[in-house]
Amino acid sequence: MKKLEIILFDLDGTISDPKKGITASVQYGLEKMGIVELDFQKLECFIGPPLQVSFAEYYGFDEKQCQQAIEFYRERFKKTGMYENELYEGIELLLERLKTERKKLVIATSKPTVFAIEILKYFQIDEYFDLVVGSELDGTRSAKAEIIQYILDQFEDYTTESFIMIGDRKHDIIGANLTGIDSIGVTYGYGSAEELENENATFIVESIRELEKLLV
């Protein structure tokens, strides 16, 4: 592998498992929109992509309906949902080891930056990250390519070969490809190996142990 200096991590499905908080908050938002969805498994597709993309794709909402559903979602997520979340076993040890090797670590998430920062503080792992970049609350900068490009612009003294993006969904891999950096798809999150292969992830790993072997 090339000499990596800056490692970008997706948050949901890569650093932590947010299933309970996200699906329950989506369910709450849908109910407020007049849709009763009792099957939480059907809502796992909301983990990873921008919310406006998922509400439009899976429930046919137009732009105004998406915005309303997101506001309802956030009512619950801000109070409860963001804390219904668990760190993946071994991830903190990996972050600690990467920092001892003087790597720069960055969060690259479609989740609003303010929520991402709050979650990292809740888990007490914020100290490991040099930068946290997500979307804006108004929905702008939600595409993963925009987020990654923003990060690259903050480290303009480095070449693209110094960066790698780690994530569990196709959006992470697409964003990396569009910005010209390598990627690692992780299958312990919410994307399948097939999904990651179809977008030509540079590497694919099944566990945090495998991820550590690749990075260290």
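Strand 7 (residues 182-186) and strand 8 run parallel and are joined by three bridges; two strands count as paired if DSSP finds at least two bridges between them. In this pairing, Gly185 stands opposite Ile204 in strand 8. Strands here are DSSP runs of E with at least two residues, helices are runs of H or I with at least four, and both are numbered from the N terminus. What you are looking at is a predicted model, in which local features need pLDDT of at least 70 and side-chain atom pairs count only at pLDDT 80 or more, while totals for chains, interfaces and linings use all residues. Residues are numbered from 1 along each chain as its sequence is written, and side-chain values use heavy atoms, with hydrogens and water left out.

Now step back to the whole sheet. Strands of a sheet pair through backbone hydrogen bonds, either parallel or antiparallel. Here six strands form an open sheet with parallel pairing, in the order 5-4-1-6-7-8. Strand 5 (131-135) and strand 8 (203-205) are at the edges and have a single partner strand each, so one side of each is left without a neighbour in the sheet. From one strand to the next, the twist averages 20°.

Which strands does helix 6 (residues 144-154) lie across? They are strand 1 (6-9), strand 4 (104-112), strand 5 and strand 6 (163-167), and the helix runs at about 145° to strand 4. Helix 9 (residues 208-215) also packs on the sheet, where it touches strand 1, strand 6, strand 7 and strand 8, and its direction makes about 145° with that of strand 8. Contact means heavy atoms within 4.5 Å. Axes are lines fitted to C-alpha atoms, for helices over the stretch in contact, and angles run from 0 to 180 degrees between N-to-C directions.

Next, follow helix 6 to a helix that it meets. The axes of helix 6 and helix 7 (residues 170-179) come within 8 Å and cross at roughly 50°. Helix 6 and helix 7 are therefore oblique to each other; angles under 35 degrees count as roughly parallel, over 145 as roughly antiparallel, 65 to 115 as roughly perpendicular and the rest as oblique. Helix 6 contributes Lys144, Ala145, Ile148, Gln149 and Leu152 to the contact, and helix 7 contributes His171, Asp172, Gly175, Ala176, Leu178 and Thr179. By class, these are five nonpolar, four polar and two charged residues. Ala, Val, Leu, Ile, Met, Phe, Trp, Tyr, Cys and Pro count as nonpolar, Asp, Glu, Lys and Arg as charged, and the others, Gly among them, as polar.

The contact is made by Leu51, Gln52, Phe55 and Ala56 of helix 2 and Cys66, Ala69, Ile70 and Tyr73 of helix 3. Seven of these residues are nonpolar, one is polar and none is charged.
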